[in-house]
Amino acid sequence: MYKVCCYPPALSNRVIQLAMRMPANDNVPRQAVIVADSFNSRFKPITLEKPRCLLPLANKPMIDYTLQHLINNGFHDLIILSRSYGSLIDKHIAESRYMERNELVTIRNKKLSPENCNSFGDAMRELSDEGTIRGPFILVTGDMVSNMDMRAAMESHQANKEKDKDAIMTCIFKKVMPGHPTRGLEDDVVVCLNPDTNRLLRFCNANSKRFDYDLDLFNSHDVMDFRYDLMNTYIMICEAHVPARFSDHFDIQDMDSFIKGIIVDEEMCNESIYIHILEHSYAARVSNLRTYASVSHDIINRWTYPVVPDNNSPPDDQYIYRRRGVYLPNSVRPYKAVIHQNTIVGSETTIDRNTHIVDCVIGRKCEIGANVRITNSYIWDEVTIKNDCVIDSAVLCSGATVKQDTTVSAGCILSYDTVVGPSTVLKPGTRVTVAGPRHMRNDSECSNDSEDTRCSDPDNISETDVLGSDHWGVIYQSDEDSDGSSGDEDEQRAEFNRKWYVRHPDCCEFDEISDSSDSTPVPSEPEQDSEIGFYGEVCDSFKAGYAIQKDIDNVLIEVNASKHAYNISVADQLMHSTRALLELCPEVKEFPKYVQYFGPMFMKLAKDRDSQMVILDEIETWALERCRVQDAQRILHILYNDDVLEESNILEWYEGADDDVKSSVAKFIVWLKEAEEESSESD
């Protein structure tokens, strides 16, 4: 048992405030039950060695998002139900950097019997037998991410209970349109409810070919809403006797069956279930690889605010949020790489020159070589990727190694400590693990803690052909996989795209994760919309001002007005203005005329060292992205001659610049240093 509260320390004050505001009666939920096991195999082979709730999501274990959400909402008695890997969960809670001692919050990890507990229903029955539930409680899964304030939902549940004494549960649904990647395909549902009371009347899986509704349902209700725009978040406010209902019905194995039984079965129909609909707050489960990708992008794009990387990290692993959805470690900047958009880079990670990364999560202490391309992928801690590799829409677990000149194709999973390559192309959907044969059963994704057998057969000829001459690990195949190699690579890729919502890379090299068959666009992130709008107005102001040679002070007034209208920071204003100037100039030989006009404005905007470093960084990024590295020296020389950039700042920037850019501007740097020495001698 642990008494803890989530980092940051300010959250403990939030817990105290919520606890003091809660009425002192048994009707207000104070307990929360977290089901840590998923009882399925959707994350195999990764979960052969670690439970899903401890897998990293945006460089943070999934269960930490759940714990933080519950503690922030004032729940002080948290019970974790874990069938397997209980010791790993205990260790994580005890050692987590997100935890600190606090008398208000208690976390208990109840280890369930692996022999007797094979489903969600079995877990509820063991919870009932334990007798630890004292009153209404919150039931959630260990893979849930949310920023919602639970008070409205709890008040709704209490109001329903006062009106209907048979109300047993309130399920929280999030309004999400069909086709959105956050909606798991297996959890896609159609709900029928009473629009006046939000009482749940029917609950059907949308993947069914037909829906059957009895005539009595229509006879007993004048008005009903059938809704296909709701997603079950599996956050449930339950009465104390809900676990006992599972004990009364041993055939119920999952929550969906329980809900259907309550609202349909005659034996259980004397009780009712209501729903609470979220309109604006965020709540979602990581139920499969597809939703793992979607929720990761939601966190990066700040839909989960304030649960975002730069506001949700321990002191020794802080992030800085930069434009285009890029999060860089506070201590280190990967100067040599090109980070395009929607990417997190963990602390102590090194990235070599001419490496391009887009729509990715990179963990801590990774080593990424030169000339690497990583797209739509999830690289966990301490991963090594050698030179000239391509990683496309894949998961590389902690300790994995990709040797030189290796392509990891869409849908590949390299589990813990595996090695592939060199000079190998992995087929789409290849899954590699070092876990032993004991794991190859298909009963659930969890296993016993006590066993630790592993196997690998580097001399296996067929696997050497597939995984490379220096590989370590075996190809994992579940019962769902075909015995042969039926279907070509396009079919395998299409199946992966369907599950992960990834567009075919041939269509767009740097696309976000989304469904190629879905015509409904995913909403863009508000802050990115603001930056795009601001950049567009700056370009328009620059173009119009230069065309008629408008007074530069008036152009600056227009830019500042746009800055305030779009709520843009000073640093981002300077970044976008620099990019607009570079894009406006058609050829570098024309650049002196543009600097002669815009130079006075930039001198006003960039008076200090930090501002000038922003300009230099943007010039470097632009040169690499536009393949105009050869123009960097001429641009720097012109800006230096027109007093926009100071010598000391250029020399400081040069030390951390990309190798290709450094080579391009080397002569100019030598000239600067010689001029500085001559100036010192003359003084």
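Phe218 is partly exposed, with a relative accessible area of 40% (buried means under 20%, exposed over 50% and partly exposed in between, with a 1.4 Å probe and protein chains only). The residue sits in helix H6, residues 215-219; helices (H or I, at least four residues) and strands (E, at least two) are DSSP runs numbered from the N terminus.

## Basis of the model

This is a predicted model, in which local features need pLDDT of at least 70 and side-chain atom pairs pLDDT 80 or more, while totals for chains, interfaces and linings use all residues. Residues are numbered from 1 along each chain as its sequence is written, and side-chain values use heavy atoms, without hydrogens and water.

## Nonpolar cores

The largest nonpolar core has 52 residues, and Phe542, Phe591, Phe598, Met601, Phe602 and Trp653 have the most contacts inside it. A core is a set of buried Ala, Val, Leu, Ile, Met, Phe, Trp, Tyr and Cys residues joined through side-chain atoms within 4.5 Å. Apart from it lies another core, of 38 residues, including Met124 and Ile168.

## Salt bridges

The structure holds 26 salt bridges, each a side-chain nitrogen of Lys or Arg within 4 Å of a carboxyl oxygen of Asp or Glu. Glu130 and Lys110 form one of them (2.9 Å, N to O). Glu130 is partly exposed at 43%, whereas Lys110 is buried at 17%.

Arg183 pairs with Asp188, the closest N and O atoms being 2.6 Å apart. Arg183 is buried at 3% relative accessible area, and Asp188 is buried at 9%.
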